[in-house]
Amino acid sequence: MSFRTTPSVDYVEDVSPGSGALPPRAWYASSDATSLSLNGSWRFRLSATADAEDDSFAGDGYDAADWAEVTVPGHWVLQGQGAFGLPIYTNHLYPFPVDPPHVPTENPTGDHLRTFDLPADWPADGGAVLRFDGVESCARVWLNGTDIGEFKGSRLPHEFAVGHLLKPSGNVLAVRVHQWSAGSYLEDQDQWWLPGIFRDVTLLHRPAGSALDFFVHASYDHVTGEGTLRVDSDVDGRVSVPGLDIDVATGESVTVAVAPWSAETPKLYDGELATEGERVPLRVGFRTVVLEDGLIKVNGRAILFKGVNRHEWHPEKGRTLDLETMREDVLLMKRHNLNAVRTSHYPPHPAFLDLCDEYGLWVIDECDLETHGFTEQAWRDNPVDDDRWTPALLDRAARMVERDKNHPSVVFWSLGNEAGTGRGLTAMAEWIHGRDASRLVHYEGDWNCRDTDVYSRMYANHAEVEQIGKELDGGTHKRRQLPFIQCEYGHAMGNGPGGLADYQELFEKYERIQGGFIWEWIDHGIKHPELGYAYGGDFGEELHDGNFVCDGLIFPDRTPSPGLVEYKKVIEPVRIEGDGADGTVRVTNKYDFADLSALAFEWSYQVDGETVEAGTLSVPSLAPGESADVKLPEPPADRRGGAETQWTVRALLASDTAWGRKDHEVAWGQFPVSARPAPSVAATDRPTASEKLIYLGPASFDVRTGALKTIGGVEVTAPHLDVWRAPTDNDDGMDWQTETRIGSLWRKYGLHRMRHRLDGVELSDDALTVRTRVAPAAWEVGLATAYRWTSDGDRLKLTVSVTPEGDWAVPLPRLGIRFGLPEADAVKWFGGGPGEAYPDSRMASAVSRWQSTVDNLQTPYLRPQENGARADVRWVELGGLRIEGDPEFWFTARRWTTEQLDAAQHLTDLTPDDTVWVNLDHGQHGIGSQSCGPGPLPQYFLRAEPAEFSFVFSALG
Ligand code: GAL
């Protein structure tokens, strides 16, 4: 009998954070100490289990020539076209049996190997540190054959002292990475499981006398206008800030007049920490964060978070982000009026925080901790309530705080996400409070707020937020003293979220409510050769949560989705309200710190949506919270009698800033002067019937069915009443939702299979009337629908009257008509635009003349669903027709039917057919946020009620 000896892999299932690593410390780039990036191409060997291979690959002279290669940083499952395994997406279910700390024997293990030479100028003296900025989920490291340790804590840095092991050339660095480990139990965030060395690997020279760790304390006294700086450093040295004439020893405090740092005014002072062996650049932002009078105050003022939850995401590289991508995120946030980011649900690449300091964003820095899957067993055996895991939790807290403590942008430390409650969390909070009294602690999972400085919730509905605002929500004594934020709300999955403006109103109304963070920043779609972008299930996972991973304000390629455009408008920092009749505009500064001096204002006057005159508006540089009434100029002489007129006032950047160019639009308002006259068509033409057709004005109809066939030369697929829309993710809701899930009710009541019964075709002196009943099989409900056609010989008017019959228990998805055009490409309209809008997501829709194409009207939600409606449309021109509405209508056009849109799973399932389908809607149901939160508010329901609406058609010459 023979035994094969396998290497010990006990560390994989060990609850301890690891061994061999250096204590955590501040992350910084030295001015003069050399470093060597070990990013690049590494040799790679994938094994099916943790112990399949021994450690001989780490030794000298190992020949890895036949190994594959991967790029570091990177996730191996996103490289090698499937040869290295595939990504798995679950929301909160562990993709392995829950038996902590054990993990499956099938444990994909990637051996990574590279050799390197030290650069010629690498100093002979001093030490060296090898730093890993992020490895998922557990790694063991050898340098030149010596085992230097192992670690867990995927999105946290780990450093090893390696100076004594280095050679001038031929160094062999071997890293064994296991996909699953005890650490995986602590990393159950709602995202793709993506193993690999996904952040930088760097060798840092550490000169003798170099700085080790330091803590920049830079506070601001808003009463005196002075800042106090003290840099505590493990290694003594001097601290200088030339712009403030500061030159003091480490550990010494100095107080001078400064400009404070805030997200709106991110003033950073360049400085330096000089120890005997090294100079370290500092970027000092002075600010003081306190909990006072039950409010989060920075520099003496309560702040309002207009935030977003950001996961790190790139459609090809996963959680490996380069600096330019990080900068793009920050610039997009700033340009869309966001002022805060929660780093859900782990500390980001440290460079992202540098950008937040520089451009100005409040940050909730969240620890890499989530144990959500334990909810399935009522939180039994939850690691955060089991002392054996506490060292790992404290290690994670320390690695976050020590790494990120010198960033002025970080105002909150968050213990983690959805980890239940327990002693481990308390231990983390106590440690953090003790280590850093200059920031507050956040955690959402404990509604009693035992360990936190803020009452935080996710997806609370409007009514509950209002209760909390009024301080009628009860709760523990501690909680009642605390301010409130929604660390997640507004679920941006697919079309939506709706209801943001209503939330913002509450956030601004109640002092206790200090804002919120939309869930989430970006869709985690993975670029896929056949599917466009893949989501959960597309890699054949045995457990997955579908497109729940695609719920961002931007698409995977970082183009803003309508949700971001809406959010920008909802949170704009200047409110512009006007009264068209008396020609005054009221401007309110809604910043917390900045005055309006960075902005220039412009007015314009529109006649039928066309600007006829424009000019600049002088607005006083209001302080935060102040308002002013500003007189608009005399309206230009109305050059078109009976026209619709309105003012538009816009606030623009007055000059280039770090994040936006001069003239970038920050805020706007519109207010009507004179209303649109309703289109009128005198019913002077008389319908005449031939053997096959009925003629009325420019149109012909089928004599038997009364169905419209042509208007002028344009053949149409006859309009019919339409109530169906391809349910949005927010219509569908999620299976755990206890509230009514509207999408499934719609299907239950057959609104996707309505039948049209013809009850009569009537010709009178001045009209053709077609009577129908529109109803689903199996139910008594129906919509008695009459189409009344009239004409003045030139134009054709359709009046649709709808009378609900039976007991309608559900609102309608939409109410309007759908018809087909043989061809249409360019589209022009006067109404809301440029982007899509729905009843509770229409703030960003501006009334003007717009043009687009049928293709560009589509919003490419990764899972196809209702999209692309334009609101308040007065008239539209497409496919040779002009259509006017009475009243204004919702307009949608697409190259596939609603049924095809509904059936599609990916955008690549949608293929244009030879008809352009046009919906002209009198009403649309609201969108809400029920894919993870409340549905639409009652005022946005489209109830089945009697309705009448008209359209006037004419052929374009
Ligand atoms: C929250 C969670 C997030 C995400 C979101 C739904 O419960 O904190 O990570 O899962 O729901 O998209």
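The second largest pocket in this predicted model has a volume of about 630 Å³. Of the 28 residues that line this pocket, A501, K569, V570, E572 and M843 sit closest to its centre. Here a pocket is an open set of points on a 1 Å grid over the protein atoms alone, with protein on both sides within 12 Å along at least five of seven lines, and a lining residue has an atom within 4 Å of a point. For volumes, grid points are joined across faces, edges and corners, and the space counted is what probe spheres set on the points fill.

A quick word on the ground rules: residues are numbered from 1 along each chain as its sequence is written. Since this is a prediction, local features need pLDDT of at least 70 and side-chain atom pairs count only at pLDDT 80 or more, while totals for chains, interfaces and linings use all residues, and side-chain values use heavy atoms, with hydrogens and water left out.

**Pockets**

- In the second largest pocket, α7 (500–509), α8 (562–570), β36 (574–579) and β42 (665–674) each supply at least two lining residues. Helices (H or I, at least four residues) and strands (E, at least two) are DSSP runs, numbered from the N terminus.
- That lining splits into 10 nonpolar, 6 polar and 12 charged residues. Nonpolar covers Ala, Val, Leu, Ile, Met, Phe, Trp, Tyr, Cys and Pro, charged covers Asp, Glu, Lys and Arg, and the others, Gly among them, are polar.
- The largest pocket holds about 1,100 Å³ of space.
- Its lining has 39 residues, and N91, H372, F548, W736 and C932 lie nearest the centre. The elements giving two or more residues to this lining are β32 (484–491) and α9 (729–732).
- By class, the largest pocket is lined by 12 nonpolar, 16 polar and 11 charged residues.

**Domains**

- The domain assignment, which is automatic or from a database, gives domain 1 (10–206), domain 2 (214–288), domain 3 (291–569), domain 4 (574–674) and domain 5 (691–955).
- Take domain 4 and domain 5: their centres, taken over C-alpha atoms, are 34 Å apart. The contact between them uses 8 residues from domain 4 and 9 residues from domain 5, where contact means heavy atoms within 4.5 Å.
- Together domain 4 and domain 5 bury about 650 Å², with 44% of it on carbon and sulfur atoms. On the domain 4 side, G609, E644 and W668 lose the most area to domain 5, together 55% of what that side buries. Buried area is the accessible area (1.4 Å probe) that two parts lose on being put together, summed over both.

**Salt bridges**

- How many salt bridges run between domain 4 and domain 5? The count is 2. To qualify, a side-chain nitrogen of Lys or Arg must be within 4 Å of a carboxyl oxygen of Asp or Glu.
- R849 and E610 pair up through their side chains in a salt bridge (3.5 Å, N to O).
- Over the whole structure, the search finds 74 salt bridges.

**Cavities**

- A cavity is a set of points where a 1.4 Å probe fits but cannot get out. There are 5 cavities of 30 Å³ or more.
- The largest cavity has a volume of about 90 Å³. Residues lining it include W27, R131, H158 and R403, and β11 (158–161) and α3 (390–404) each supply at least two.
- The second largest cavity has a volume of about 70 Å³. Of its 13 lining residues, G494, D523, C550, Y861 and L862 are closest to the centre.
- Domain 3 and domain 5 each give at least three residues to the lining of the second largest cavity.

- Most residues other than glycine have a negative phi, and most peptide bonds are trans.
- P100 and P101 are joined by a cis peptide bond, with omega about 0°, and P101 is in the loop between β5 (88–90) and β6 (106–116).
- W519 and E520 are also joined by a cis peptide bond, with omega about -5°.
- Q81 is not a glycine, yet its phi is positive at about 45°.
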